[in-house]
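Here is a short tour for you, grouped by topic so that you can follow along in your viewer. Take a look at the structure first, and then read on.

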Amino acid sequence: MCDASEKQNIKVATGDRAILPEGAKTIPVYVMGKKYEVPETLTIMKAMEFVGFKFIRGAGCRGGICGACPTVYRKAGDYKLYFGLACQTVVEPDMFLTQIPFYPANRAQYNIEEIEPVAESIHALYPELFRCVSCNNCTKACPMDVEVLDYISAIKQGDIERAANLSKDCIQCGMCASRCMGELPQYHIAQLVRRIYGKYLQPRAEHLVKRVEEITSGKYDKMLDDLMAMDKEGLEKLYVEREREPDMSEPGRWMPEDTQYL
Amino acid sequence: MKIIYYPGCTLKTKAKNLGDTAVAAMSRLGIELEELKRWNCCGAVYSLADDDLIHQVAPVRVLVRAMEQGGGKLVTLCSMCYNTLARANLIMKNDEEKRNTINSFMDEEKDYNGEIEVVHLLSYLKDEVGWDALKEKVTVPLEGLNIAPYYGCTLQRPREVGIEAPGSFQLMTELLEAAGAEAVPIAEADLCCGSYQIIGNPEAAGNNSAKIVSAADKAGADALSMSCPLCEYNIGKKQGGLPTFYFTQLLALALGVSPEECHFELNHQSSFELLKSKGIVKL
Amino acid sequence: MAVKLSPNTVKKEFIEKLEKLSGQNIQKCFQCGTCSGTCPMSDSMDTPPRQILRMAQLGLQEDLEKSETCWVCASCHGCNVMCPRGVDLPRVMEALRQMKLRKNVNKIEPSEIPAETIKDCPQIALVAGFRKLTS
C-alpha cells in the first residue's frame with residue numbers, strides 16, 4: 001500500500017498497457033474468489049490479463065462504450081455491491097470481483113416500421129414493465145450512472161421523450177436487468193424507446209434534410225472527383241494549407257475566405 | 001398558493017381527464033397543484049404480507065421525493081395512489097422496526113420518518129377551501145344533473161386511512177352539491193368494481209361493475225362520479241350503460257374550465273352527450 | 001364440508017406461517033360469516049371467505065392450497081371493516097397468495113395477455129394485477 005497523496009497521483013489507468021510504472025506496487029485482488037497480486041495502476045481488465053486471463057468474449061472496445069465487460073465487485077468489509085466496466089475501472093486493494101459478460105433478458109420482437117409511436121406500444125411489448133417495484137437496484141447497478149428507475153418510471157407514465165433522454169448513456173451491458181426485482185429487461189425496453197423516439201418523435205433537423213438533398217443532387221460530386229484525381233503530395237499540400245476555423249472562435253461567426261465550396 | 005401534487009402513472013395518459021382537470025380546477029380556486037419533479041409508480045396496491053417490505057419501497061420513495069421538494073402536505077387524486085401512499089406513510093410513522101429496515105435498504109435516499117401528510121383532494125377541498133367558498137366560485141352550476149357519488153374501496157378502507165368512515169359518502173356528495181348538481185345516494189357506492197381482477201378474473205369483475213351501474217340507474221342517477229382510474233375503466237369503459245365522470249371533471253366544468261380542457265373525449269361518449277342534453281355544455 | 005381431524009391433518013407449522021405472514025390471529029374468528037356476506041367476489045369463489053378462515057384455523061393446508069379463492073379476492077377490504085372480531089381477512093388472503101407466489105409461479109402470465117388488452121388497460125390495472133397475481 002502507498003500513502004494517500006502518492007496513491008492519488010497514480011490512481012489512473014495508464015492506457016492499454018500492462019507495463020508497470022516505476023515504483024508501482026502490487027495489490028491483492030480476488031477474481032472469482034481466487035487471490036492475485038496485480039499492479040495497482042491497472043484497470044480490472046488489464047489486471048486480469050496481467051495474471052493470465054484471456055478475454056475471448058466479454059471484451060470489446062476497451063474504451064468504455066461497448067458495454068461488453070461489466071464487472072461486479074465488492075470491497076473487503078463493505079456490504080455494498082459495486083459495478084463498473086472492466087476496461088475503465090481501476091483495481092483497488094482487496095476487491096472481490098467477477099465478470100458478467102452477458103445476462104439473459106427478454107427482448108421483444110417488433111418491426112420498427114410498423115410500430116405506433118405511443119407508450120402503449122411499448123407497454124404491450126414489455127408488459128413486465130409493470131412489475132417494477134421501484135427498488136432502484138437498477139440505478140445502483142448502472143456503471144454509466146444512468147437513472148434507470150427514472151426512465152422506467154417515465155415509460156410507465158407514457159413520457160417517451162423523457163425516457164429516451166434519460167437512457168441515452170446506456171451501453172446495454174445488462175447490469176440493471178441482473179439486479180431487477182421485477183425481472184425487467186430495462187436496457188432492451190430503453191432501446192425500443194429510443195428507437196421510437198428517434199424514428200417518429202424527435203424533431204427533425206432541417207439543415208440535415210437540406211444537406212442530404214444537396215448531396216443526392218450531386219452538388220459535391222465535382223469536388224470529390226477533383227480530390228480523388230489528386231496525387232498524394234497535392235492532397236498533403238491542400239491539407240496543410242487549408243483554411244481552419246480558429247479554436248476559440250464564436251460558434252457560427254467564422255467564415256472561410258474561399259466560399260466556392262459552401 | 002402551492003401544494004405538492006402526486007399524479008400517478010395513469011393520470012399522465014389514459015386518465016388525463018382526472019389529472020389535468022384537477023390542476024385546472026384548482027387553479028381556478030387560486031391553488032397551484034405543483035407536480036412532484038421526480039416520481040415513480042406508487043405500486044397501486046398496498047402490500048398486505050407482514051414481512052413484505054420491498055413492496056413498500058415504491059410509495060416510500062414517493063414520500064421521500066415529496067420531502068425533498070419541501071415537505072408538508074402531498075395531494076393525490078387517484079384513490080389507489082392515495083391508499084397506497086397513506087398506508088405506507090403509516091408504517092413509516094408508527095412502526096419503528098419496519099421504518100428502520102426500509103430506510104436502511106434505501107441507503108441512497110434520505111431517511112424518512114413519516115414527515116409528509118398524504119391528503120386526498122376531496123379532503124383538501126373541504127378542509128382548505130370549504131364548500132361555501134367553492135360555491136362562490138361556481139360559474140357553470142351543474143343544474144339538472146343527477147350524479148351518484150361512487151367511492152369504491154380505497155377511499156374509505158381500511159379505516160385508518162379512509163377519507164371518511166365506511167358507509168359515509170359526504171365529501172363527494174357535498175362537492176357535487178356545491179357544484180350545483182343533485183347527488184343521488186346509492187348503497188353500492190363502496191362496492192368494489194372488481195379492481196385488478198379485470199385482468200385476473202374479468203368475468204367476476206364485470207359482475208360487480210354491472211351491479212353498481214344498475215343500482216345507480218335504478219336510483220335515478222344520470223351518471224356516476226368517481227376518483228379512481230381503475231373504477232372508471234371497469235365501470236365506465238368495460239361495463240358501460242351509464243355515463244361516468246371523474247369528480248374533478250365536474251368540478252372543473254362548474255368552475256368555468258372549458259369543456260375541451262376537461263378531456264371528455266377520454267370518457268365514454270355518452271358522458272359528453274349527457275352534458276349536452278342537460279344544456280351544461282353548449283355547442 | 002365434512003372434515004376428519006387428526007394430529008396428521010392439522011398442519012401446525014402451516015398455521016403458524018399463515019399467522020406470521022398475515023400478522024393475524026386467525027383463531028379470533030368465530031365464524032359469523034359476515035365476511036362471506038360482505039364479499040363482492042364470493043359468487044365467483046370455490047370456497048367462501050368464512051370457510052377459508054375455518055380451514056386455516058384447522059390447518060387444512062392441502063385443501064387451502066387447492067382452493068382458488070385467494071386469487072379471486074380483490075383486496076377490497078369490505079370484509080375487513082365489517083369483521084366483528086377484527087380479523088384482517090385480506091391479509092390472510094394475501095398470505096395464501098404469497099405462499100404460492102413465493103415458489104416462483106405466476107397466477108397470470110404477463111406475456112400471455114393479448115397486446116390489445118394491455119394497450120387498452122390503464123397502467124393501474126396492470127401494476128395492481130401483476131403485484132397480486134405474479135411472483
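This is a predicted model: local features need pLDDT of at least 70, side-chain atom pairs count only at pLDDT 80 or more; totals for chains, interfaces and linings use all residues.

**Confidence**

- The model has an ipTM of 0.96 and a pTM of 0.91.
- For chain C the mean pLDDT is 96, and 100% of its residues reach 70 or more.

**Strand partners of E1(A)**

- E1(A) runs antiparallel to strand E2 (residues 34-39) of chain A, and 6 bridges join the two.

**Where chain A meets chain B**

- Chain A brings 15 residues into contact with 14 residues of chain B.
- Helix H5 (residues 148-156) of chain A gives the largest share of chain A's side, with 4 residues.
- By class, that side of chain A holds 6 nonpolar, 5 polar and 4 charged residues.

**Inside chain B**

- Helix H2 (residues 57-68) and helix H3 (residues 79-94) of chain B have axes that come within 9 Å and cross at roughly 85°.
- Crossing angles of 65 to 115 degrees count as roughly perpendicular, and therefore H2(B) and H3(B) are roughly perpendicular to each other.
- H2(B) makes this contact through Pro59(B), Val60(B), Val62(B) and Leu63(B), and H3(B) through Thr84(B), Leu85(B), Ala88(B), Asn89(B) and Met92(B).
- The residues of this contact include 7 nonpolar and 2 polar ones, with no charged residue.
- Asp95(B) sits in the loop between H3 and helix H4 (96-105) of chain B.
- Is Asp95(B) buried, exposed or partly exposed? Asp95(B) has 14 other C-beta atoms within 10 Å, so it counts as partly exposed.
- The C-alpha atoms of Asp95(B) and Lys2(B) are 31 Å from each other, with the two residues 93 apart along the chain.

**Where chain C meets chain B**

- 37 residues of chain C touch 37 residues of chain B.
- On the chain C side, helices H1 (12-22), H5 (69-72), H6 (78-82), H7 (89-101) and H9 (123-133) each supply at least two residues.
- Which helix gives the largest share of that side? The answer is H9(C), with 10 residues.
- Sorted by class, chain C's side has 20 nonpolar, 10 polar and 7 charged residues.
- The axis of helix H10 (residues 229-239) of chain B comes within 8 Å of that of H9(C), and the two cross at roughly 105°.
- That angle makes H10(B) roughly perpendicular to H9(C).
- In this contact, Pro229(B), Leu230(B) and Tyr233(B) of H10(B) meet Ile124(C), Ala125(C) and Ala128(C) of H9(C).
- The contact of H10(B) with H9(C) has 6 nonpolar residues, with no polar and no charged ones.

Methods: Residues are numbered from 1 along each chain as its sequence is written. Chains are lettered from A and ligands numbered from 1 in the order in which they are written. Two residues are in contact if their C-beta atoms, placed from the backbone, lie within 7 Å. Ala, Val, Leu, Ile, Met, Phe, Trp, Tyr, Cys and Pro count as nonpolar, Asp, Glu, Lys and Arg as charged, and the others, Gly among them, as polar. Two strands pair if DSSP finds at least two bridges between them. Axes are lines fitted to C-alpha atoms, for helices over the stretch in contact, and angles run from 0 to 180 degrees between N-to-C directions. Angles under 35 degrees count as roughly parallel, over 145 as roughly antiparallel, 65 to 115 as roughly perpendicular and the rest as oblique. A residue is buried if 20 or more other C-beta atoms lie within 10 Å of its own, exposed if 12 or fewer, and partly exposed in between; C-beta atoms are placed from the backbone. pLDDT is the predictor's confidence in each residue, from 0 to 100.
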